[in-house]
Amino acid sequence: MKVIEDNIWMIQIPDNETSQYYKRQALPTWEKFGYQVNMFDAYTPDNMPDYLEFGQYYDMRDFTDTEKAGFYSHVELWKKCIEDDKPITIIEHDVECLSGDIPIEADLFSFASFQNDDAWEIYCGHRFSKHPFWGKTRKVCPPTHAYYMTPDMAEMLLEIVMSRPQHNFVDDILFIAMGKDELHITEYATPIYDHRVGGTMSHG
């Protein structure tokens, strides 16, 4: 059984108190299981690139600036995966590791999950309850929290986002690319969220 061993990158914002609050909780859980996690400084609205074309999210509203910045942060790591020609594991600053020896299930799969409905309610209930993929009818964890991909998959995804205007957030694009298959979402990590602190991204 092949397991995730290295080339793990955590997206975090170094000068953002909220991001660092979650990172301080999440990073030790990865280190506890022996993972060496590299830091990727997320783009923000003040320093993000401008090479993607954004339409309207689900044809309903404009993307927020923080959504665009988050989108670019993931895409830049896809580009790194292609340039290094090496599989990459991407995690976000608010994801705790639950286990070592995370098995590689596919060329693209997510391994963060909510441990129960209460955990989904805390993270998604007030923000994503009507989402078609991880809303109330299907309480799945958005895949950008923790996922693995090969260079071939990164190249395919990069081609998709570069070839047309974006009408879905990066989570949706990953989920569609995984075939909307819940078997490609395993439970080796879990998001954390504190309502008193909030998040770093505005979702319109």
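Residues are numbered from 1 along each chain as its sequence is written, and side-chain values use heavy atoms, with hydrogens and water left out. Because the model is predicted, local features need pLDDT of at least 70 and side-chain atom pairs count only at pLDDT 80 or more, while totals for chains, interfaces and linings use all residues.

Start with the sheet. Helices (H or I, at least four residues) and strands (E, at least two) are DSSP runs, numbered from the N terminus. Two strands pair if DSSP finds at least two bridges between them. Here 7 strands form an open sheet, in the order 2-1-5-8-7-9-6. The pairing is mixed. Strand 2 (37-41) and strand 6 (95-97) stand at the edges. Each has a single partner strand, so one side of each is left without a neighbour in the sheet. From one strand to the next, the twist averages 35°. Angles run from 0 to 180 degrees between N-to-C directions, and axes are lines fitted to C-alpha atoms, for helices over the stretch in contact.

Strand 1 (residues 8-12) pairs with strand 2 in the parallel sense, over 5 bridges. Ile-11 stands opposite Phe-40 in strand 2. Gln-12 has Asp-41 of strand 2 as its bridge partner. Strand 1, helix 1 (residues 17-32) and strand 2 make a right-handed β-α-β unit. A crossover is right-handed if, with the strands pointing away from the viewer, the path from the first strand over the helix to the second runs clockwise.

Strand 7 (108-112) comes next. Buried means under 20% relative accessible area, exposed over 50%, and partly exposed in between (1.4 Å probe, protein chains only). Strand 7 pairs with strand 8 in the antiparallel sense over 3 bridges. There, Ser-110 stands opposite Tyr-147. With strand 9, strand 7 pairs in the parallel sense over 2 bridges. Ala-112 has Ala-189 of strand 9 as its bridge partner.

Strand 5 (residues 88-92) holds Thr-89. Thr-89 is buried, with a relative accessible area of 2%. Contact means heavy atoms within 4.5 Å. Leaving aside neighbours within four places in sequence, the contacts of Thr-89 include Ile-8, Trp-9, Phe-111 and Tyr-147.

Helix 5 (residues 170-177) is mostly covered, with 6 of its 8 residues buried. Among them are Val-170, Ile-173, Leu-174 and Phe-175, but also Asp-171 and Asp-172. Their cover includes helix 2 (65-84), strand 7, strand 8 and helix 4. Just after helix 5, Gly-179 takes a positive phi of about 80°.

Next, the cores. In soluble globular proteins, nonpolar side chains tend to be buried together. A nonpolar core is a set of buried Ala, Val, Leu, Ile, Met, Phe, Trp, Tyr and Cys residues joined through side-chain atoms within 4.5 Å. The largest has 33 residues, of which Phe-71, Trp-78, Leu-108, Met-149 and Val-161 touch the most other members. Helix 2 gives the most to this core, with 6 residues. Beyond residues up to four places away in sequence, Trp-78 touches, among others, Ile-90, Met-149, Leu-157, Val-161 and Leu-174. A second, separate core of 21 residues includes Ala-26, Cys-97, Phe-114 and Tyr-148.

Cysteines deserve a word. Cys-81 is buried at 1% relative accessibility, and Cys-97 is buried at 4%. The disulfide count is 0, taking a disulfide as a pair of cysteine sulfur atoms within 2.5 Å.

His-167 is partly exposed, at 31% relative accessibility. Its contacts outside four places in sequence are Gly-55, Gln-56, Tyr-57, Tyr-58, Asp-59 and Phe-63. The C-alpha atoms of His-167 and Glu-53 are separated by 9.4 Å, although these residues are 114 residues apart along the chain.
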